[in-house]
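Here are a few exercises to work through with the model open beside you. Try each task before reading its solution.

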Amino acid sequence: MTGGTAALEMEAPPARPPAPSVKALSCPSCGGTINLKAAGYTVTVACQYCGSILDVASPEVRLITEYHQAAAELEIPLGTRGTLRDVEWEAIGFVRRSEHGAYPWVEYLLFNPYHGYRWLITNGRGWSFGEMLTRAPDWGHSGPALDGESYEPFFVDGQAQVDYVVGEFYWRVQVGEEAATDDYVRPGFMLSREANDKEVSWTISALLKPAEIEQAFGVRAPRDPWPPLPHQPSPYRGVMKVGARIALIAVGVMFLLTLLMSGGPSLFEGYVPVELDRRAQNVTAGPIEATRPYQLISIEAWAPNLENGWIDLDYALVNRATQESYEAYGVAERYSGRDSDGAWSEGSRGATTKLAAVPRGTYDLVVEYTGNGWTDAAYGSYSQGSTLNIRVTRASVFPSNFVIALILILLPLIWFWWKHLKFEQARQDESDVGRTGMAKVFTGTDEEED
Amino acid sequence: MQKVSCPNCGAEVTFRSPALPSRICDYCHTILVRSGGGIEQVGKAAVLPFDVSPIQIGTAGTFDGRDFTVVGRVRWGWTDGSWNEWLVLFGDGSDGWLGEAMGQFMLTKERPLGDVQSDPTIRAIILGERVPIGTEAQVDGETFIVSDAREATCLAAEGELPFTAITGTTIYSIDFRSTTGALASLQREKTLSSFYQGRYVTLAELRPRHLRAIDGWPMPAYGT
């Protein structure tokens, strides 16, 4: 300790036995024993035995309203303790509220002498963990903002009334008491404003995962409530984010591969004369150097003067070292003529044949080619001969493959986006504000909200 | 530090700060006031009603980097409840109040009225007027809004205090809030007013040591 803190030089307080955690009272109406859990803070008690409302603000307990009703059975009995977000809490009060009898929900008041008060709020479809704010939020352009996060209006100009209470409270709770409410949301959180003629208070509540509330207080919550809760985050948002990242990478890689593999180097180019005389001929082209571990070899054959004939092409790509052979077949054909509709032509004078996954090595390409002429009165005469050009390249993925892959990659994304949109629309349809943003843009004319 | 015997019961009582003239005997609850060289008895304080506050006399902590110790408390009551004001003594001999209400904590320090009475709302309160909730006041260019105004009665007190807290004394107490979480209060007893300004704090940020042990509740390890 420094000299400046001399005034604080004091012995630690004498070790005292722990203070009791409860103060026992007896209900002036039914005589039942009430164990006050938040002595010193609690102002009003609603007796758990007879429901009478008691004033415990002063040492002598006063009966405010006498009731003789059995206490409601609670999902979380008062006195239950549970650990939420690393702090142990005891349920000490219960309030049932509604919008003038409609849309009922309940609120449990939680207490820990070292951490103060919190709220557990549920409408039966999900649980939220609320804390009263000690300051008002800032105001953004469309709603309040807290700690840099903005909130969208969801329920506006509500009127909440108290329908039933049991337990202890730090204010004068009364059945029938009303407050003006507004609720604002962002995924996972709700920011609520309550105002009466005396004060305005703000509460931030976090949506609890069903497992969290179940572990803490042993109550079950629906896994996927529908329609979604106002502050329920879309389950598709995360998937879409990851999916979009993967898709972007995949498309990038594919694009790069296509670029690299298309228009690969020519490994061999040559030509032979061909007659359309149905005679099989052989030509060996080589050497063809395949330098990559594996490659797609493309063989292009093209007969520029072919007319009314076809050339059968049998390829054998033979490894010079191992004599291993890769075989393929192609045909170049071209027909033309004239009929009542005029001149016509069909077929292609060229043929591209691909051999996939050819391993590294030096190869010869053996081409067996047979020229055939077509004789039919309806056709013109066939050409007598042509040059057959042959070009061997280390070739590329079919561009159509790229398109198919793109669709395959994007389909699930579009699907998730669609599910996300439907989720957001269902969520926002519960709001007083209605659909906003994307959910509104993609609202069909046939499904306009009521 | 000054140690004397209680003129009423003989128990040892300690005055830690020369700035705090009032002391309530821990044993017989006699209110003692230092005047000149002597000790004067000015009445008896009521026994504090039981509460489950985590604070006690001797709780130490840090506020804005300055160490403090809790040396006294006044418990105030009003029609709809009661709250604690714990007197904290800082290392430099100055003091402040750790208010405790509705499970929330506020730390305020007294400011001279001369700093704030240029504001018409504050001046009106000092002069004996009552103001409605929602009335605005300007302090150092910041807007404060009256959030609560009530008659409060001293229910009981303990330890060392800057004034003599006579049980049953009634004050007019006005709470102000700013939108940034700053707060202030003005307390008027008859014609004497005091102005306090500060902010909400969490127990965790005060890193408190020597918190009060409460049966069945695990004590958080803040001060370690």
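**Exercise 1.** Which element gives the most to the lining of the second largest pocket, and with how many residues?

*Solution.* Keep in mind that you're looking at a predicted model. Start with the pocket itself: its volume is about 1000 Å³. Of its 42 lining residues, the closest to the centre are Pro14(A), Arg16(A), Asp26(B), Ile57(B) and Glu158(B). Next, go through the strands of chain B: E2 (12-15), E3 (22-24), E7 (66-78) and E12 (142-161) each supply at least two lining residues. The top contributor is E12(B), with 4 residues. To finish, sort the lining by class, and you get 24 nonpolar, 12 charged and 6 polar residues.

**Exercise 2.** How many residues does the contact take from chain A and from chain B, and what area is buried between the two chains?

*Solution.* Chain A puts 40 residues into the contact and chain B 45. About 3700 Å² is buried between them, and carbon and sulfur atoms give 61% of that.

**Exercise 3.** Find the salt bridge across the interface of chain A and chain B: which side chains meet in it?

*Solution.* The rule finds 1 salt bridge across this interface. In that bridge Arg172(A) meets Asp80(B), at 2.4 Å from N to O. On the side of chain A that touches chain B, strands E7 (87-99), E8 (102-112) and E9 (116-122) each supply at least two residues.

Key. Residues numbered from 1 in each chain as written. Chains lettered and ligands numbered in written order. Predicted model: local features only at pLDDT ≥ 70, side-chain atom pairs only at ≥ 80, totals over all residues. Heavy atoms only, no water. 1 Å grid on protein atoms, 1.4 Å probe; cavity = no way out; pocket = protein on both sides within 12 Å on 5 of 7 lines; lining within 4 Å. Points joined across faces, edges and corners; volume = space filled by probe spheres on them. Nonpolar A, V, L, I, M, F, W, Y, C, P; charged D, E, K, R; others polar. Contact = heavy atoms within 4.5 Å. Buried area = accessible area lost by both parts, 1.4 Å probe. Salt bridge = Lys/Arg side-chain N within 4 Å of Asp/Glu carboxyl O.
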